[in-house]
Amino acid sequence: YMGHFLSVYFFSLGSCRAMADTEAELRTALAQAKAEAEDARAELELVQEELASVKAALKEKDQRLKWAIGKLASVASVVSSARDALTQGTAHYHSIIIIGPNGSGKGTQGALVKQQFEGMAHIESGSIFRHNIAGGTELGKKAKAYIDRGDLVPDDLTFPMVFDALREEGDHGFLLDGYPRSRAQAQRLWEACVAADMNIDFVVEI
C-alpha cells in the first residue's frame, strides 16, 4: 500500500512541475507577444507620421504648381495682348516691366517673353551694374565703391544707370527685369518715362 501511495505522490509531483513549467513558458510567450505588439504599434505610428508628412508635401507642391500655372497664364496673357496689337497694326514697340522677389523666375519668364518680340532688349538690373563697373563708367566706379563695402547702391546712382540703359537699348522695346523695387523707384521711373515720351505698356508681377 505504501509503495502505491508513493508512486501516486511522485507522479502527481511530476505533473505539477510540468504544469508549472508550461505556465512559465506561456507567461514568457505572452510577454514576448505583448512586447512585439508594442513594437508594431510604435512602427505603425511612425508610418502614419511619415504618410502625414508626405501628404503635406504633396499639398504644398500642388499649391506651388497652381501658383506657377497662374503666373505663366499671366505672362501668356501679356504676350497675347501685345501680339494681337501688333497684328492689328496699332502697336508700337512694347515696354514691359517684370517685378517680383528674388528667385521668383523673373529672368526665366523674361527670356520667354523676349522670344516673342524681335529686337526687344532684356534689361536686368544686375547686368546694368556689371556693365557699368566693367566699362569703368563714372557711375560704375561709384557703385563699385558701395558694393565693395557691402552697402546698398543708392538710388541716385542706380536710377541713372537703369534709365540710360533703357534709352540706349530700348529702341525696339524693352523688358526691364529687377527694377523698380520700391514705390519711390516706381514713381521716379514713371515720371522720367513720361518726360522722355517713353511708354510703359505692361507690368507683370511674379
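Where is Tyr 146 found? Tyr 146 sits in helix 4, which spans residues 138-148, and the views below take in that residue and several others.

A few ground rules first. This is a predicted model, in which local features need pLDDT of at least 70, side-chain atom pairs count only at pLDDT 80 or more, and totals for chains, interfaces and linings use all residues. Residues are numbered from 1 along each chain as its sequence is written, and side-chain values use heavy atoms, with hydrogens and water left out.

**View 1. The protein chain as a whole.** The protein chain carries six helices and four strands; helices here are DSSP runs of H or I with at least four residues, strands are runs of E with at least two, and both are numbered from the N terminus. Of the 206 residues in the protein chain, 25% are buried (buried is under 20% relative accessible area, exposed is over 50%, and partly exposed is in between, with a 1.4 Å probe and protein chains only). The accessible surface of the protein chain comes to about 14300 Å², and carbon and sulfur atoms own 57% of that; the areas come from the Shrake-Rupley method with a 1.4 Å probe, and for residues only the protein chains shown count as cover. Take the contacts in the protein chain between residues at least 6 apart in sequence: 71% of them join residues at least 24 apart. Contact means heavy atoms within 4.5 Å.

**View 2. Helix 3 meets helix 5.** Helix 3 (residues 125-135) packs against helix 5 at an angle of about 95°, and the two axes are 10 Å apart. The axes are lines fitted to C-alpha atoms, for helices over the stretch in contact, and angles run from 0 to 180 degrees between N-to-C directions. Helix 3 and helix 5 are therefore roughly perpendicular to each other (under 35 degrees is roughly parallel, over 145 roughly antiparallel, 65 to 115 roughly perpendicular, and the rest oblique). Helix 3 brings Ile 128, Phe 129 and Asn 132 to the contact, while helix 5 brings Thr 158, Met 161, Val 162 and Ala 165. Sorted by type, the residues of this contact are five nonpolar, two polar and no charged; Ala, Val, Leu, Ile, Met, Phe, Trp, Tyr, Cys and Pro count as nonpolar, Asp, Glu, Lys and Arg as charged, and the others, Gly among them, as polar.

**View 3. Asn 132 in helix 3.** Asn 132 lies in helix 3 and counts as buried at 10% relative accessibility. Leaving out residues up to four places away in sequence, Asn 132 touches Thr 137, Leu 139, Gly 140 and Met 161. Asn 132 and Ala 143 are eleven residues apart along the chain, and 8.6 Å separates their C-alpha atoms.

**View 4. Thr 158 in helix 5.** Thr 158 has its place in helix 5 (residues 155-169), where it is buried with a relative accessible area of 8%. The Thr 158 side chain reaches the backbone oxygen of Val 153 at 3.5 Å. Setting aside residues up to four places away in sequence, Thr 158 touches Phe 129, Val 153 and Tyr 179.

**View 5. Leu 157 and Tyr 146.** Leu 157 is also part of helix 5, and at 10% relative accessibility it counts as buried. Beyond its neighbours within four places in sequence, Leu 157 is in contact with Leu 139, Lys 142, Ala 143 and Tyr 146. Leu 157 and Gly 140 are 17 residues apart in sequence, and C-alpha to C-alpha they are 8.5 Å apart in space. Tyr 146 counts as partly exposed at 28% relative accessibility. With neighbours within four places left aside, Tyr 146 is in contact with Asp 151, Leu 152, Val 153, Pro 154 and Leu 157.

**View 6. Ser 95 in strand 1.** Ser 95 lies in strand 1 (residues 95-99) and is buried, with a relative accessible area of 7%. The side chain of Ser 95 reaches the backbone oxygen of Asn 199 at 2.8 Å. Not counting residues up to four places away in sequence, Ser 95 touches Phe 174, Asn 199, Ile 200, Asp 201 and Phe 202.

**View 7. Two loop residues.** Pro 180 is in the loop between strand 3 (174-177) and helix 6 (183-195), and a cis peptide bond with omega about 5° joins Tyr 179 to Pro 180. Asp 197 is in the loop between helix 6 and strand 4 (202-205). Phi of Asp 197 is near 60°, a positive value in a residue other than glycine, and Asp 197 counts as exposed at 68% relative accessibility.

Key. A polar contact is a pair of N or O atoms within 3.5 Å; within protein, one must be able to donate a hydrogen and the other to accept it, and residues adjacent in sequence count only if both atoms are side-chain atoms.
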